[in-house]
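Welcome to my notebook. I am jotting down what I looked up here, one entry at a time.

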Amino acid sequence: MFFEADLKDKHYKIDINESRKSWIINLHEESVGWTKYEISKGDYMLVENVISLIFGGGSYVLDVIGSGTDYMVYTRGAYRQVKIYNDEAILHESLKRGGSLGSGESLSSGMPGKIVKIMVKAGDIVKANAPLLIMEAMKMENEMRTSHEAKIKEIFVKEGDSVETGTILISFEKP
């Protein structure tokens, strides 16, 4: 399961995989990189929607309340406000931000998907908000656009390619 979260002005990417005996949690903090954690299922208990677990030599009780993307997490005697984005919410936030995916020097994939159609070629000069490509993610076709006028420097994918989150799709240069 992959999702992203915002906590105290920090953004995290979280990838959780379950094995028979544990959960393997890969956590990416923007300025730190990826860190791997493992929580034994023997150190975890769910009682009346409250989670109790032992982690890193400490005992934690977690109570989570919320819906959509907004959650309050209670642990260690304090509430923390956390925004949690699953794949669908990540896609919607990316589309809502529109051009931010294509701002700067490249266009990156906001989530895993398949390239359906590429509408530009290297050397093209495109206006702000011009369509660049169509990517299928979560059974929806999404038209990705640039936020600014730019010259297409290089296209790193072709139609039919499957891409992961963060894959650079197109690079730009000044027109």
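**Entry 1: strand S7 and the surface.** I found Ile65 in strand S7, residues 58–67 (strands are DSSP runs of E, at least two residues, numbered from the N terminus). I am working with a predicted model, where local features need pLDDT of at least 70, side-chain atom pairs count only at pLDDT 80 or more, and totals for chains, interfaces and linings use all residues. Residues are numbered from 1 along each chain as its sequence is written, and side-chain values use heavy atoms, with hydrogens and water left out.

**Entry 2: the largest core.** I looked up the largest nonpolar core, which has 19 residues (a core is a set of buried Ala, Val, Leu, Ile, Met, Phe, Trp, Tyr and Cys residues joined through side-chain atoms within 4.5 Å; buried means under 20% relative accessible area, exposed over 50%, partly exposed in between, with a 1.4 Å probe and protein chains only). Leu107, Ile115, Leu132, Leu133, Met135, Leu169 and Ile170 touch the most other members. Strands S11, S13, S15 and S17 each give two or more residues to this core, and S13 gives the most, with four. Apart from this core I noted another, of nine residues, including Tyr12 and Val73.

**Entry 3: Lys153.** Is Lys153 buried, exposed or partly exposed? I have it as partly exposed, because its relative accessibility is 49%. Lys153 sits in strand S15. Beyond its neighbours within four places in sequence, Lys153 contacts Ala122, Ser171, Phe172 and Glu173 (contact means heavy atoms within 4.5 Å). I also noted 9.3 Å between the C-alpha atoms of Lys153 and Glu105, which are 48 residues apart along the chain.
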